[in-house]
Amino acid sequence: MRERAPALVALLLLVVLVIGTWWAAEFAQRAIPIDPPRRVTHEPDSWARNFVMVRTDPQGVANNRLEGETMKHYPDDDSYEITQAKAIGQRPDSPITIGTSDIAIMDQDGARIIMKGNAHVHRQPGPDRSAIDVSSEQLTLLPDEDVVFTDLPALVVNGRSTMHGKGMRYDNSTRQLQVFSATDVKISGQDSLPKQSEKSDTTEEKP
């Protein structure tokens with residue numbers, strides 16, 4: 001019996017040590033406050049001045065450029081807010097377009113740019129086409145599709161023709177212009193129309 005006593009004492013001490021360690025770990029875990037999960041709010045996590053972002057096609061050719069005075073990035077929706085924004089579309093197979101606004105919101109991994117406040121898009125003229133200007137309080141650009149549209153009142157100037165309407169869409173690739181709920185339409189040349197209100201006015205540029 002005396003020979004087993006040291007072994008029993010050692011075993012008992014080992015059991016006490018294990019229980020004590022487990023209790024100490026549980027106590028420490030309860031005593032130390034654990035930070036709650038971070039709240040995801042619409043707050044910027046990075047800033048920049050004189051912001052410039054260039055997007056390229058799969059061949060590495062620059063086809064879209066977005067710049068502005070300041071930039072803020074919001075991690076909750078991975079969007080960018082740019083002040084005094086200027087967006088330039090320069091696809092090799094399409095006329096150059098330049099969009100400007102007080103503020104621009106770029107999201108959807110750069111696939112959408114919402115121009116807000118004094119929004120204006122200018123499609124440069126070419127040898128067989130007139131310039132196009134679109135003005136509204138908000139214009140949405142889809143750089144990958146080379147499209148600009150809005151659901152708000154807009155003024156479209158195509159050469160010497162002007163169209164006021166609530167809602168418009170212009171596809172720079174197909175050169176198709178649509179003005180919805182058009183009012184005060186003035187088409188120059190042989191297609192001159194009286195002032196009228198229409199459900200939709202669609203034109204396609206011709207050489």
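This report walks through a few contacts, strands and surface features of a predicted model.

## An aromatic pair

Let us begin with the rings. The structure holds 1 aromatic pair, and its partners are Phe51 and Tyr80. In general, two numbers describe such a pair: the distance of the centres and the angle of the planes.

Where do Phe51 and Tyr80 lie? Phe51 belongs to strand S1 (residues 46-56), while Tyr80 belongs to strand S3 (residues 79-89), so the pair ties together parts that are 29 residues apart in sequence. Phe51 has a relative accessible area of 8%, so it is buried. Tyr80 has a relative accessible area of 21% and is partly exposed; the cut-off for buried is under 20%.

## Strands side by side

Now follow S3 to its neighbour. S3 is joined to strand S4 (residues 97-107) by 9 bridges, and the two run antiparallel. Along this pairing, Ile88 stands opposite Ile98, which is in S4.

S4 also pairs with strand S5 (residues 112-123): here, too, 9 bridges join the strands, and they run antiparallel. Thr100 faces His120 of S5 as its opposite residue. As you trace these strands, keep a general point in mind: in a regular strand, side chains alternate between the two faces of the sheet.

## The turn between S4 and S5

How many residues sit between the strands in the hairpin of S4 and S5? There are 4 residues between them, and Gln108 takes a positive phi near 55° in this hairpin.

A salt bridge can be found here as well: the side chains of Asp107 and Arg112 meet at 2.7 Å, N to O. Is Asp107 buried or exposed? With a relative accessible area of 12%, Asp107 is buried.

In total, the structure holds 3 salt bridges. One of them is formed by the side chains of Arg55 and Asp144, with 3.3 Å from N to O. This pair links distant parts of the chain, 89 residues apart: Arg55 is in strand S1, and Asp144 is in the loop between strand S6 (132-142) and strand S7 (147-158). Arg55 is partly exposed, with a relative accessible area of 24%. Asp144 is also partly exposed, at 44% relative accessibility.

Another salt bridge brings together the side chains of Glu67 and Arg65, at 2.6 Å from N to O. Glu67 has 21% relative accessibility and counts as partly exposed. Arg65 is partly exposed too, with a relative accessible area of 31%.

## A nonpolar patch on the surface

Finally, look at the outside of the model. Which residues form a nonpolar patch on the surface? They are Leu14, Leu17 and Val18, and together they have about 300 Å² of accessible area.

Val18 is placed in helix H1 (residues 5-31). With 52% relative accessibility, Val18 counts as exposed, because that word is used for values over 50%.

Definitions and conventions: Residues numbered from 1 in each chain as written. Predicted model: local features only at pLDDT ≥ 70, side-chain atom pairs only at ≥ 80, totals over all residues. Heavy atoms only, no water. Phe/Tyr/Trp six-rings, centres within 6.5 Å; stacked < 30°, edge-to-face > 60°. Buried < 20%, exposed > 50% of the residue type's maximum accessible area, 1.4 Å probe, protein only. Patch = residues over 30% accessible without salt bridge, like charges linked within 9 Å, V, L, I, M, F, W, Y side chains within 5 Å. Areas by Shrake-Rupley, 256 points an atom, 1.4 Å probe, with all protein chains shown as cover. Salt bridge = Lys/Arg side-chain N within 4 Å of Asp/Glu carboxyl O. Pairing = 2+ DSSP bridges.
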